[in-house]
Every structure is written in C-alpha cells, then in structure tokens.
Amino acid sequence: FLVTILIGSGLLALPISSASGEAVPYLDALFTATTSTCVTGLVTIPTVSTWSVFGQIVILLLIQIGGLGIITIMSGLMLLLNRKMGIDDRLLIQDAFNLNTMAGLAKFIKNVLIGTLIIEGVGAVLYMIVFVPDFGARGIWISVFNSVSAFCNAGIDIIAENSLCNYATNPLINIVTSALIILGGLGYIVWWDVIRVVKSRRHLSLHSKIAITATAVLILVGAILIFIFEYDNPLTIGKMSLFDKIQISLFQSVTTRTAGFATIPQENLTNASATVSIVLMLIGGSPVGTAGGMKTVTIAVLICSAFATIRNK
C-alpha cells in the first residue's frame with residue numbers, strides 16, 4: 001500500500017504529469033497519490049486543470065487499485081501470470097474478502113475483476129451519451145475516468161473545478177453516477193448473492209439483507225432530510241423545480257455516504273444538512289466493497305444489539 005502511494009507520487013511529481021509541463025510540488029503529488037489510492041476525493045489542487053493526460057492516467061490507476069484493493073490487484077496479477085496460489089495467498093484473500101471458505105478463490109477474484117470491468121464499461125458508455133456531445137473526443141476519456149472514479153467511490157473527476165455542478169439537473173448523469181456509487185459501495189459478496197438468488201430462487205444471506213436494507217434506508221432518509229433542510233435555501237436547491245430538488249437531494253445522499261462528487265456547492269449547505277452529511281459519511285458503504293466508513297452492517301449490528309440489550313434479549 002505504501003509502495004503504491006510512493007510510486008504514484010513519484011510519477012505525479014514528474015514534469016510529464018503536469019498540464020503546464022512544470023513539475024508539481026512533491027507534497028501536492030504525494031497528497032494526490034494518497035487521496036487517489038485511499039479513494040477519499042479530497043484534493044489540494046484542481047484535478048482537471050493541473051494534470052496532463054499522463055498524470056490523469058496515473059491518478060486513475062491509483063483509484064482503481066485503491067477501489068478494488070491491493071490484495072485483489074495482486075491476486076489478479078498472479079492469475080494473469082498463471083502463478084499458482086499457495087496456502088498463504090489463499091488465507092490472505094479469504095481474510096481480505098471476509099469469506100467463509102477457501103474454495104473457489106481464483107474464480108471469485110476473476111469474477112470480481114470481470115464484474116468491475118463490465119460495470120465500469122457500461123457506466124462509461126452511458127456517460128458518453130452526454131460527455132461526447134459536450135466535450136468531443138475528450139468526452140470519451142472523461143467518461144472512462146468518471147465511471148472508474150464513481151464505481152471506486154473516489155469522487156475525483158476531470159470535468160470541471162466545481163465537480164458535477166454543471167450537470168446537477170441532468171437525470172442521466174445523476175442516475176448513472178448514483179448507480180455506480182451504490183454498486184461499488186454494496187460490496188462484491190452482495191453482487192454474487194443477488195445473482196445466486198435470481199438464478200436459484202433461494203433467499204438472500206443475512207449479510208446481503210442487512211447491507212441492501214441499510215443502504216436503501218440511509219439513502220432514502222438522507223435524501224428526505226436534505227430535501228427538507230435545503231428546500232428554501234437559495235444557494236443550493238431553493239430556486240429549482242420540485243423534480244430537480246428531489247433528484248439533487250437523492251444524489252447528495254448517495255454521494256455523501258461514500259463518494260465525494262458534488263452537484264451543489266457543498267459550502268452552501270445549511271448546518272442541518274451538513275450534520276446529516278457527517279453522519280452519512282461516518283457510516284459509509286458496506287463491507288468488501290469500494291466504499292469507506294464504519295460500514296452499514298457494522299452500524300446495523302450495533303443498533304440491533306442495543307435494542308436487544310434494552311429488551312433484555
């Protein structure tokens with residue numbers, strides 16, 4: 001993990017990584033490499049105007065490594081090189097993905113990598129419907145970058161310095177970005193569990209039930225609260241139509257929990273909305289996904305435990 005950040009910072013500190021041709025200060029390069037690998041979305045310098053295409057490629061690779069996880073990437077490379085997995089490797093993968101068995105680990109890693117590429121690819125194609133007409137050929141690269149960043153819950157974009165604010169009322173951008181964030185945040189185990197249920201008509205595992213339910217409740221409650229607190233705020237959604245207020249509130253609830261994109265100026269949020277955002281960010285996404293935070297399942301178990309204690313059960 002440390003080596004990835006150091007290599008990334010070294011590459012970003014090169015003049016070729018800078019849009020101006022002059023090397024970016026190493027501290028900014030180190031911060032950018034760290035925030036990309038840790039998929040936080042915080043930046044000290046504007047991503048869209050500071051970095052060249054080479055620099056943006058380095059950032060995107062760091063985001064992908066950070067989102068999928070070091071263990072996943074290394075395991076994928078082992079499979080590509082036809083290297084056999086030893087017992088230590090299998091134990092590491094089992095622990096990283098919180099799996100109950102070591103059976104079928106190679107297939108699991110392949111499914112994670114292929115599933116990720118498919119989802120990011122579909123997201124990029126859908127983005128192109130909007131970005132190619134707006135940016136021309138560069139829109140293809142913007143679409144790919146945004147799709148990977150959204151799925152990995154990084155929240156870093158190369159569209160504009162105000163993030164996605166120019167597309168706040170665009171339903172396609174709102175839906176695609178939200179879907180990518182949610183799919184990445186739900187976790188790989190939930191994916192395969194849902195697919196298994198669809199194929200065999202069995203019941204979801206307890207883990208998947210909790211993750212899906214908690215995610216839906218947090219998004220809905222967060223959106224309702226933000227809608228109420230920002231309804232008359234002229235600096236955010238106060239002057240918008242009812243439909244736009246709803247879709248922006250939903251997007252804000254989704255992106256706050258795990259990503260970091262913005263369709264309204266975050267600094268203009270009311271204190272109440274900022275407090276809701278803090279709680280959503282603290283909880284974050286679900287285990288074994290691309291999102292951070294304390295995790296939905298952890299919070300759900302704590303709440304259930306508290307109620308059980310109150311009822312003396």
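Visitor: Which residues touch the most other members of the largest nonpolar core?

Guide: Ile63, Phe131 and Tyr188, in a core of 51 residues. A nonpolar core here is a set of buried Ala, Val, Leu, Ile, Met, Phe, Trp, Tyr and Cys residues joined through side-chain atoms within 4.5 Å. Buried means under 20% relative accessible area, with a 1.4 Å probe and protein chains only. This is a predicted model: local features need pLDDT of at least 70, side-chain atom pairs count only at pLDDT 80 or more, and totals for chains, interfaces and linings use all residues. Residues are numbered from 1 along each chain as its sequence is written, and side-chain values use heavy atoms, leaving out hydrogens and water.

Visitor: Which helix gives the largest share of that core?

Guide: H7, with eight residues. Helices are DSSP runs of H or I, at least four residues, numbered from the N terminus.

Visitor: And what is Phe131 in contact with, leaving aside neighbours within four places in sequence?

Guide: Gly136, Gly139, Ile142, Ser143, Ile159, Tyr167 and Ile173. Contact means heavy atoms within 4.5 Å.

Visitor: What about a second core?

Guide: There is a separate one of six residues, including Leu218, Val276, Leu280 and Ile283.

Visitor: Switching to packing. How do the axes of H11 and H13 cross?

Guide: At roughly 165°, coming within 9 Å. The axes are lines fitted to C-alpha atoms over the stretch in contact, with angles from 0 to 180 degrees between N-to-C directions. So H11 is roughly antiparallel to H13, a label for angles over 145 degrees.

Visitor: Which H11 residues make the contact?

Guide: Leu218, Gly222, Leu225, Ile226, Phe229 and Glu230.

Methods: Helix = DSSP H or I, 4+ residues; strand = E, 2+ residues; numbered from the N terminus. Parallel < 35°, antiparallel > 145°, perpendicular 65-115°, else oblique. Buried < 20%, exposed > 50% of the residue type's maximum accessible area, 1.4 Å probe, protein only.
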